[in-house]
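I opened this model to look up a few helices, ring contacts and strand pairings. My notes follow in the order I made them.

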Amino acid sequence: MFAEFLAKNPLEKCTILAKETFHPFVRPDEQSLPNVIGNEFSKIAVQQAEYCLGHHWEELPATLYMEFVRNGDRSRFEDHYFRRRNALFALLKGEIIENKGRFIDDIINGVWVICEESSWVVPAHNNVQEKEWLDALSIPEKLPYIDLFAAETAALLAWVYYFLKGPLDRQSQAVCRRIETEVKHRILDPYLYAYDFHWMQITNKDGIVNNWNPWIHSNCLATVFILEPDMLRRRKAVQRALLSLDRFMDTYGEDGCCEEGPSYWNAAGGALFDALELLHHASGGCLNFFQEEKIKKMGAYYYKVYLGGDYYVNFSDAPPVIGKENADLIFRWGARCGDPEFQQFGLWLFQQAKKTSFFQNEFVNLINRPVFSFRRLKTLFDAQLLSAYSEASPPIRRTAWFPDKEVVVACTAQDAPASLILAAKGGYNEESHNHNDIGTFLLYRDGSPVIVDIGSATYCAKTFSAKRYEMFNNSSAYHCCPVIDRIPQQAGMEYRARQVCFQEDDGQIQFSLDIAAAYPSVAQLAVWRRTFLLKKWEPMLTVTEHYELEGRRHNLQLPLITIAEPEQLTEGSVRLGLPQASMCLQFDPQKLSVTWEKLQMSDPSVEETGWKAYGLWRVLLSITEEDSIGDVSYQFVV
């Protein structure tokens, strides 16, 4: 897409603004920012900055950096690391709004302590250039590596420079010179002259990229546009970014589905939009890709996988609960692409956030997480504009079919007695942030979870290693996938769904797939066709399993992950879900028996997903028939 554009439109003929004229935001010396942002959000931002007055810049000792190699823990270092950056960002927002110098000394301390860090690359990412683990403190010096958070750090420092160069220079010109020097060495030179980082894939057409690609490019582009004075280098950065972003676009089908899930959409499709907005700003509108059909669909994906409340379809490493911090991004994407439904969804999310204490607590909520400084600045500057809109309507739920990734989100009719949403997937077991989960499904009633996906555990050394699928939450045995003789699905491109079929008519939605190839040969599985039938006008889902086994008798189990303790009603029925939005699981007790167990959730990330309040339960439907070929079905009924 972008390469074709460059072939027809050489950058020499395209406007790229000089450093001095790149102007995406009003600065405090140009206009009073409370008038731009509005008093309500200005007050909140200043309060968050006041929280950081006299901030204690936590140490990042060498031994803390070494923990990832020593014991696999990445969280302790990253908590300290992100708190530094989020505190600096909060102080920046407070100072540009108040414009009295009250936060300048703390900002100088924050800039200085971050510039003093030996590396901006987090330890979990410090091995990516090597075949084996690096020494725990080995840091490239000649050409520093750029990971996600080194790029984010550079962009944050660049925005400090953009807004506050004058006030900082009046205190000491060494502060901004230090930003220029460190960013040039650590980011700008490697970004422009490194042959090809793994996340770029400009020359290696066989390589696979994921969210790292747009996430890093968006931050590097912001850094280039703010700090790089040389026009040839600015143009080179734009060309490099566009050619590399093309590789990211290649990983998406025409349906726009994000295989990394909606929380990583934030850093994948969302970061692509950040990059495109920056390119649009820096070119005076010359670089405008918002009307491309695939880019429109990549945005629309996000509201198509919305389930109600704060819940989203959480396949892959995505959590089920996602906050509202991307409301403004969604609104802008919808506006740029001419998608009023997407735009309304962003506005509705923004209005829901305003009704709660979300914006007041934003700093607390996000302090241990990546900054996304450009996006959060846009949210701050757009707040008054969005606040002026009239009340938005909640999104209309419609069935969505993503044929390229073999994902369906199926809904009952709007005026059905109850609102049911089924999400199910095919695909293959080597997707980005993959769980071995071919054929798994979720079921929600009236926006409340009934059948769920556990989500991702806290990232550690094991998460992205050969031992990834030893972690229970990544295994098919702890998804709603058949288990054959305790043998789970395997990881790899060849372990995939076959004969995937989606059909919809006025009365029902049917999704079927053969998942036998997702299991190893030792499972002796010839066919396992799973069929989902959702009635549009009746609140009922039927799941049918047709299996053909080879050789000996197999032990066949059908796990279902649910919240809240199940309740046995009769021999062939069990109540699942929360009391206010429960469903009855019905089955033939002559063919299926049922047991369940409570899952012990001690992992902080799993607890934070929203399941902690209810508990998670693993229901096991065991097939009692002994034939090697058979059919069983079960229903979820309101």
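The entries below go from helices to rings to strands.

**Ground rules.** I am working on a predicted model, where local features need pLDDT of at least 70, side-chain atom pairs count only at pLDDT 80 or more, and totals for chains, interfaces and linings use all residues. Residues are numbered from 1 along each chain as its sequence is written, and side-chain values use heavy atoms, with hydrogens and water left out.

**Helix 15.** I took helices (H or I, at least four residues) and strands (E, at least two) as DSSP runs, numbered from the N terminus. Helix 15 covers residues 340–355, and its 16 residues reach 22 Å from the first C-alpha to the last, close to the 22 Å expected. The expected span is 1.5 Å times one less than the number of residues. At the N-terminal end I found a cap by aspartate 339, with a side-chain oxygen 3.2 Å from the backbone nitrogen of glutamate 341. I then listed the buried residues of helix 15, which include Phe342, Phe345 and Trp348. Buried means under 20% relative accessible area, exposed over 50%, and partly exposed in between (1.4 Å probe, protein chains only).

**Helix 17.** I checked residues 373–387 next: the 15 residues of helix 17 should span 21 Å, and the end C-alpha atoms are 21 Å apart, which agrees. I noted a kink of about 45 degrees centred on phenylalanine 381. The bend at a residue is the angle between axes fitted to the seven residues ending there and the seven starting there. Helix 17 is mostly covered, with 12 of its 15 residues buried. Among them are Arg375, Arg376, Lys378 and Asp382, as well as Phe381.

**Ring pairs.** I searched the whole structure and got 52 aromatic pairs. Phenylalanine 197 and tryptophan 199 are stacked, at 5.5 Å centre to centre and 20 degrees between the planes. Rings of Phe, Tyr and Trp (its six-membered ring) pair if their centres lie within 6.5 Å; planes under 30 degrees apart count as stacked, over 60 as edge-to-face and the rest as tilted. Phenylalanine 197 counts as buried because its relative accessibility is 6%, and tryptophan 199 is buried at 1%.

I looked at tyrosine 311 and tyrosine 444 next: the ring centres are 5.4 Å apart and the planes are at 65 degrees, so this pair is edge-to-face. Tyrosine 311 lies in strand 2 (residues 311–312) and tyrosine 444 in strand 7 (residues 441–445), so the pair ties together parts 133 residues apart in sequence. Tyrosine 311 is buried at 12% relative accessible area, and tyrosine 444 is buried at 1%.

I also traced a cluster linked by ring pairs, including Phe342, Phe345 and Trp348 together with Trp265, Tyr306 and Trp333.

**Charges over rings.** I count a charge over a ring if NZ of Lys or CZ of Arg is within 6 Å of the ring centre and within 35 degrees of the ring normal. The charged end of arginine 27 sits over tyrosine 162, 3.8 Å from the ring centre. Arginine 618 lies over the face of tyrosine 478, at 4.4 Å.

Two strands pair if DSSP finds at least two bridges between them. Strand 16 (residues 567–570) and strand 17 (residues 573–576) are antiparallel over 3 bridges, and they form a hairpin with 2 residues between them. Glutamine 568 has valine 574 as its bridge partner. Strand 17 also runs antiparallel to strand 18 (residues 583–587), joined by 4 bridges. Leucine 576 is partnered there by methionine 583. This second hairpin has 6 residues between its strands, and glycine 577 in the turn has a positive phi of about 95 degrees.

How values were computed. A polar contact is a pair of N or O atoms within 3.5 Å; within protein, one must be able to donate a hydrogen and the other to accept it, and residues adjacent in sequence count only if both atoms are side-chain atoms.
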